[in-house]
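Reader: I'd like to learn how to read pockets in a model. Can you walk me through it?

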Amino acid sequence: MNIPIMLAFLALVLLGIASFFIKIAAVHQVYSPSYMIVASLSTCIVAVVIHLVQRHPFDLSARMAGLASLGGIIGGIGVIAILVALRLGGQGSIIFPVAGLSVIVAVILSYIVFREPITATKMVG
């Protein structure tokens, strides 16, 4: 199996566990923004450690920084929506699969913006 596919499977497992942690937080009625701040700071620490270990300077154009910021805002709103849905009694077995369909949005946007072909194999995947 090639490395990108192995990394995709690793992401699948790790992001699934992180999503489950969101369910645990919702069950404990956490305040969503507080949870997000701690989760985001932890992600930031991981990024800083990777920068230090790889000895790579911070390098991001203003355009890509804006895109990252917009992605963070959109993702943050999505995480709050999931946390609130779960806190209001939504079942994880329903909320997570529905939210997981977000991949369809990414596929459609990749088709529109990058003209990536949508094949039967990709649809099955």
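Reader: What volume does the second largest pocket have?

Author: General idea: on a 1 Å grid over the protein atoms alone, a pocket is an open set of points where a 1.4 Å probe fits, with protein on both sides within 12 Å along at least five of seven lines. Points join across faces, edges and corners, and the volume is the space filled by probe spheres set on them. Here, the second largest pocket comes to about 190 Å³. This is a predicted model, where local features need pLDDT of at least 70, side-chain atom pairs count only at pLDDT 80 or more, and totals for chains, interfaces and linings use all residues. Residues are numbered from 1 along each chain as its sequence is written, and side-chain values use heavy atoms, leaving out hydrogens and water.

Reader: Which residues line the second largest pocket?

Author: Lining residues have an atom within 4 Å of a point. For this pocket they are Ile-74, Gly-75, Ser-102, Val-103, Val-105, Ala-106 and Leu-109. Helix 3 and helix 5 each give two or more of them, and helix 5 gives the most, with five. Helices are DSSP runs (H or I, at least four residues), numbered from the N terminus.

Reader: And what is the volume of the largest pocket?

Author: That one has about 1700 Å³. Its lining has 45 residues, with Leu-15, Ser-19, Ala-99, Gly-100 and Ser-102 nearest the centre. Helix 1 supplies the largest share, 11 residues.
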